[in-house]
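Here is a short tour of a protein chain and its ligand. Please keep the sequence and the model open side by side as you read.

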Amino acid sequence: MALSLLIHCSPTVNPLRRSPKPTLRRVNHRVCVASAATPLLQVNDLRAKIVESNVDILHGVNLTVNQGEVHAIMGKNGSGKSTFAKVLVGHPDYEVTGGSVVFKGENLLEMEPEERSLAGLFMSFQSPVEIPGVSNDLFLAMAYNARMKKLGREEVGPIEFLPYLMEKLQLVNMKADFLNRNVNQGFSGGERKRNEILQLAVLGADLAILDEIDSGLDVDALRDVANAVNRILTPEKSLLMITHYRRILDLLNPTHVHVMVTFNLLLIFNIIASFEFGICMIHGVFTFDYWN
Ligand SMILES: Nc1ncnc2c1ncn2[C@@H]1O[C@H](COP(=O)(O)OP(=O)(O)OP(=O)(O)O)[C@@H](O)[C@H]1O
């Protein structure tokens, strides 16, 4: 991994995905490969607090994800990674206190959580919840048809939906029994993570946010999940993954790696940066280049 204090950095090329023809440009004394960038998600100075306790968690996050990019967010426990992801999908525990988020040209913060999902945002949770009384196949069919309706397409009946679902099930290497079981009820930790990727495969998304999808997975499950994600990604679709481990970076080959730091660390970085580089970074996220 290489570190360079810079925000615009170089997409490395993921061999499993087709990318637009790259162009060369120089950033921070290093030649970078960059594709023509179409912004998908633009986060500017995002600030948020916990509703219940009024505690500020996000202190001004800046991040741009372009179409086809794979971004990883790393950082210490408690630095705010999951909070950032949950704020993006509109979790009610958090209130945005400043900044802006534009998704596909629209103000994301004005949308209800379900509107964000229908607009093409998907999030897999660190601890996926159980939904007792709702079978996995019914849940997926309902969610899929809601998306079809939003896109102005025909809703599908059970007979058409089943072959589509079986194909996605194979993609994540899951057994058909999981379709009749209630969503996540009694699933092991690894099975829940696979089930999250099954949802992503079925619903599709322009931007998938995966919160620690690799935690608790054994080697085979991690490979299956990474293979499925790589096959779901296209040059137009983007991924934002939160992780603590390098092993998934090696499998998903991110174009950008960001390190989220806590507010105290941020102050220290700001002071050092002021002295060393004559600049003051007021962002809550630092961006580093990554390559294998
Ligand atoms: N709903 C909430 N109620 C109370 N505190 C919260 C809530 N959500 C987040 N926090 C606190 O905000 C801080 C950031 O939490 P967050 O889950 O975003 O961290 P993280 O970087 O994802 O950590 P980890 O790597 O351990 O998953 C933590 O101190 C956490 O306890």
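What should the 15 residues of α6 span at 1.5 Å a residue? The answer is 21 Å, and the end C-alpha atoms of α6 are 21 Å apart, which agrees. The expected span here is 1.5 Å times one less than the number of residues in the helix.

## The model and its overall make-up

A word on the ground rules before going further. This is a predicted model, in which local features need pLDDT of at least 70 and side-chain atom pairs count only at pLDDT 80 or more, while totals for chains, interfaces and linings use all residues. Residues are numbered from 1 along each chain as its sequence is written.

The protein chain has nine helices and 14 strands. Helices (H or I, at least four residues) and strands (E, at least two) are DSSP runs, numbered from the N terminus. Of the 292 residues in the chain, 37% are buried. A residue is buried if 20 or more other C-beta atoms lie within 10 Å of its own, exposed if 12 or fewer, and partly exposed in between, with C-beta atoms placed from the backbone. Among contacts between residues at least 6 apart in sequence, 71% join residues at least 24 apart; two residues are in contact if their C-beta atoms, placed from the backbone, lie within 7 Å.

## Helices α6 and α7

Let us return to α6. Its buried residues are K193, R194, N195, E196, I197, L198, Q199, L200, A201 and V202. They are covered by elements including β8 (121-124), α3 (136-150), α4, α5 (177-180), β11 and α7. Just after α6, G204 takes a positive phi of about 70°.

Helix α7 (residues 219-232) has 14 residues and reaches 20 Å between its first and last C-alpha, close to the 20 Å expected. Buried in α7 are A221, L222, D224, V225, A226, A228 and V229, and their cover includes α4 (158-171), α6 (189-203), β12 (238-242) and α8 (246-252). L217 sits in the loop between β11 (207-211) and α7, and counts as buried because it has 21 C-beta neighbours inside 10 Å. Leaving aside neighbours within four places in sequence, L217 is in contact with G190, K193, L222 and V225.

In soluble globular proteins, nonpolar side chains tend to be buried together. In this model the largest nonpolar core holds 59 residues, of which L207, I209, V225 and M241 touch the most other members. Helix α7 gives the most to this core, with six residues. Such a core is a set of buried Ala, Val, Leu, Ile, Met, Phe, Trp, Tyr and Cys residues joined through C-beta atoms within 7 Å. Beyond its neighbours within four places in sequence, M241 is in contact with A72, L210, I213, I248 and L252.

## Strands and sheets

An open sheet of four strands has the order β4-β3-β6-β7, with antiparallel pairing. Strands β4 (56-66) and β7 (106-107) stand at the edges, each with a single partner strand, so one side of each is left without a neighbour in the sheet. Two strands pair if DSSP finds at least two bridges between them. Strand β3 (residues 39-50) is joined to β6 (residues 94-103) by eight bridges, and K49 has E95 in β6 as its bridge partner.

Elsewhere, five bridges join β5 (residues 70-75) to β13 in a parallel arrangement, with I73 standing opposite H258 in β13. Strand β13 (residues 256-260) is mostly covered, with four of its five residues buried.

## Around the ligand

Which residues are around the ligand? They are I50, S53, I57, G75, N77, G78, S79, G80, K81, S82, T83 and D93, where a residue counts as near if its C-beta atom, placed from the backbone, lies within 6 Å. This shell divides into two nonpolar, eight polar and two charged residues. For this count, Ala, Val, Leu, Ile, Met, Phe, Trp, Tyr, Cys and Pro are nonpolar, Asp, Glu, Lys and Arg are charged, and the others, Gly among them, are polar. Helix α1 (residues 81-89) gives the most to the shell, with three residues.

## Two asparagines with positive phi

N173, in the loop between α4 and α5, has a positive phi of about 60° although it is not a glycine. N184, in the loop between β10 (182-183) and α6, has a positive phi of about 65°. Are these residues buried, exposed or partly exposed? N173 is partly exposed, with 16 other C-beta atoms within 10 Å, whereas N184 counts as buried, with 20 C-beta neighbours inside 10 Å.
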